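Let's take a walk through this model together. Have the sequence and the coordinates open, and we'll start with a pair of packed helices before moving on.

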Amino acid sequence: MGQKSLQFSPESETVSARQGLWILFGTVGWPPRWGILERGTTLITAARVAYSQNVGKRPTKTADGGGELDLLRAIRRRAAKGARGRDLRLGIGDDCALLRPREGEELAVTTDLSIAGRHFRLEWHPPEVVGWRTLARGLSDLAAMGARPVAAFLSLGVPRELAVGAEDSKSWVDRFLDGFFSLAEAYKTPLAGGDLAEAPVALADVVLIGAVPRETALLRSGARPGDLLYVTGSLGGAVAGLKMLAELAVAEPGPMPDQGNDSLSAHLRPKPRIQTGLSLRRGGLATAAIDISDGLSTDLRHLCEESGVSAILQADRLPIAAEASLEQALHGGEDYELLFTACPGTRIPRSIAGVAVTQIGEIAAANQGKPALMLATGCIVEPLEPRGWEHFSAR
Ligand SMILES: [Mg+2]
């Protein structure tokens, strides 16, 4: 955070002398409060930052009374107080972060975009929940590869009013960061950089860097016919929780809960299966893995396509969450559990790193080279159409 915002090339913005002075004084105050400037930040840079972020208007006031630079400084302070990682040599404050992976490791990198109205709703999801879920989505991808988290990068775009706190209260952004940092702390993931901009809708883009010993990452492409299919935790809880949240929002508009029963919590505060992914990789237990972010049926199809195999799910074996239906367990997204395959001879414990593991089916040969999904209910075996989350889909 702060890196890209303070990283303007001389050609990137043209600021007239009058605009520059007005913006500069708007930013640092009059008489100028020189202390606001970061070490090494020139006055012209400060003016350009203020100009580009405020398009010539008076800078936004944040809850602590400062402008955008204050917000960046506050984020930097919080990041410095948060999780530290020995792979992160240099975090927020320079043009780039510096990472130093350990000998013999390779980096796993994933990015995930959350947009208001698409991935969350401002009227349904408390900002802390949006912050938590933003990071959880990235961490879950690392878990699926068996990678340990090294650093996170967060870019936030928000309408002006979300960066401003009402009298004596935190802004939406401050509360978003509360949720983000609480999960980052729990998973020892330092925030190492990012960007901040005014935007017409709230959006959060997170990049997660993980590390894994060379050639050992869990891949989607390793499943073979005869392998058994497993899933962690329970299924369908997140989408059942989302339905509850939507009903609650209609019945009792106003501040929404940020936790609740199991399903509501599964939706609001998903727990990425990092430790389970690490154990699967270290133990050489899995032949292929993927996290269930788009729904079991859709993510199983991804795994089958990458491995060139088919799969048969056993309906009566699915660990369906208490408030969820079979339909929700099959197609509901955002459970952030791990779906993996293992050789039939591999002994898979019933629980790994404290998370239940259930065998839910098996892998079969592709049908004339075409991966197929089947659902077995008792003696009846039927084709299963993936109906999970898919952007730009006509469904
Ligand atoms: Mg994923």
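**Where two helices meet**

Leu139, Leu142, Ala143, Ala144 and Met145 in helix 4 meet Ile274, Thr276 and Gly277 in helix 9, a contact being two residues whose C-beta atoms, placed from the backbone, lie within 7 Å. By type, the residues of this contact split into six nonpolar, two polar and no charged (Ala, Val, Leu, Ile, Met, Phe, Trp, Tyr, Cys and Pro count as nonpolar, Asp, Glu, Lys and Arg as charged, and the others, Gly among them, as polar).

A word on the ground rules: residues are numbered from 1 along each chain as its sequence is written. The model is predicted, with local features needing pLDDT of at least 70 and side-chain atom pairs counting only at pLDDT 80 or more, while totals for chains, interfaces and linings use all residues. Helices (H or I, at least four residues) and strands (E, at least two) are DSSP runs, numbered from the N terminus.

Back to our pair. The axes of helix 4 (residues 127-145) and helix 9 (residues 274-282) come within 7 Å and cross at roughly 15°; axes here are lines fitted to C-alpha atoms, for helices over the stretch in contact, with angles running from 0 to 180 degrees between N-to-C directions.

Now for helix 10 (residues 296-307). Nine of its twelve residues are buried, so helix 10 is largely enclosed by the rest of the structure. Buried means 20 or more other C-beta atoms within 10 Å of a residue's own, exposed means 12 or fewer, and partly exposed is in between, with C-beta atoms placed from the backbone. Among the buried residues of helix 10 are Leu296, Leu300, Leu303 and Cys304. What do they pack against? The partners of the buried residues in helix 10 are strand 8 (288-292), strand 9 (309-314), helix 11 (326-331), strand 10 (337-342) and strand 13 (373-377).

Lysine 188, with phi near 50°, sits in the loop between helix 6 (172-186) and strand 5 (191-198). Glutamate 334 has a positive phi of about 65° and lies in the loop between helix 11 and strand 10. Buried or partly exposed? Lysine 188 is partly exposed, with 14 other C-beta atoms within 10 Å, whereas glutamate 334 is buried, with 24.
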